[in-house]
Amino acid sequence: MTDSPDKSCPYKTPHEAAVYLRSATSTLAKQRLNGTGPVFCRLGRSIRYRTTDLDQFMESKLQRSTFEKVQS
């Protein structure tokens, strides 16, 4: 498996999602547990993220200042 996710596939594994977001897979796992991360789909034991949901999650985190209240 390569470190660059396949942009043509709309569904990403946790590893591919972490690479796409430039985050850690453990961060996504903690966010799934706390309900603070991007929405995801569970297929049995497998987790998948839609690329559009990852983009929406990042858009929801935009800030103009470091003084703004951090939202989860």
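In what order do the elements of the protein chain run from the N terminus on? They run β-α-α-β-β-α. This is a predicted model: local features need pLDDT of at least 70, side-chain atom pairs count only at pLDDT 80 or more, and totals for chains, interfaces and linings use all residues. Residues are numbered from 1 along each chain as its sequence is written, and side-chain values use heavy atoms, with hydrogens and water left out.

**View 1. The whole chain has three helices and three strands.** Helices (H or I, at least four residues) and strands (E, at least two) are DSSP runs, numbered from the N terminus. Of the 72 residues in the protein chain, 22% count as buried. Buried means under 20% relative accessible area, exposed over 50%, and partly exposed in between (1.4 Å probe, protein chains only).

**View 2. Helix α1 meets helix α2.** Two packed helices are described by the angle between their axes and the distance between the axes. Here, the axes of α1 (residues 14–21) and α2 (residues 25–34) come within 8 Å and cross at roughly 110 degrees. Axes are lines fitted to C-alpha atoms, for helices over the stretch in contact, and angles run from 0 to 180 degrees between N-to-C directions. The two helices, α1 and α2, are therefore roughly perpendicular to each other (65 to 115 degrees; under 35 is roughly parallel, over 145 roughly antiparallel, the rest oblique). From α1, Pro14, His15, Ala17, Ala18 and Leu21 meet Thr25, Leu28 and Arg32 of α2 (contact means heavy atoms within 4.5 Å).

**View 3. Helix α3 has buried residues.** Thr51, Asp53, Leu54 and Phe57 are buried in α3. Seen down the axis of α3, its buried residues fall within an arc of 160 degrees, so they line one face of the helix. The arc is that of the directions from the helix axis to the C-beta atoms. These buried residues pack against β1 (11–12), α1, α2 and β3 (46–50). On the other side of α3, Gln56 and Glu59 are exposed.

**View 4. Arg50 forms a salt bridge with Asp53.** Their closest N and O atoms are 2.7 Å apart. A salt bridge is a side-chain nitrogen of Lys or Arg within 4 Å of a carboxyl oxygen of Asp or Glu. A search of the whole structure finds one. Is Asp53 buried or exposed? Asp53 counts as buried, at 10% relative accessibility. Arg50 is partly exposed, with a relative accessible area of 41%. Asp53 lies in helix α3 (residues 51–60). Leaving aside neighbours within four places in sequence, Asp53 is in contact with Pro38 and Val39.
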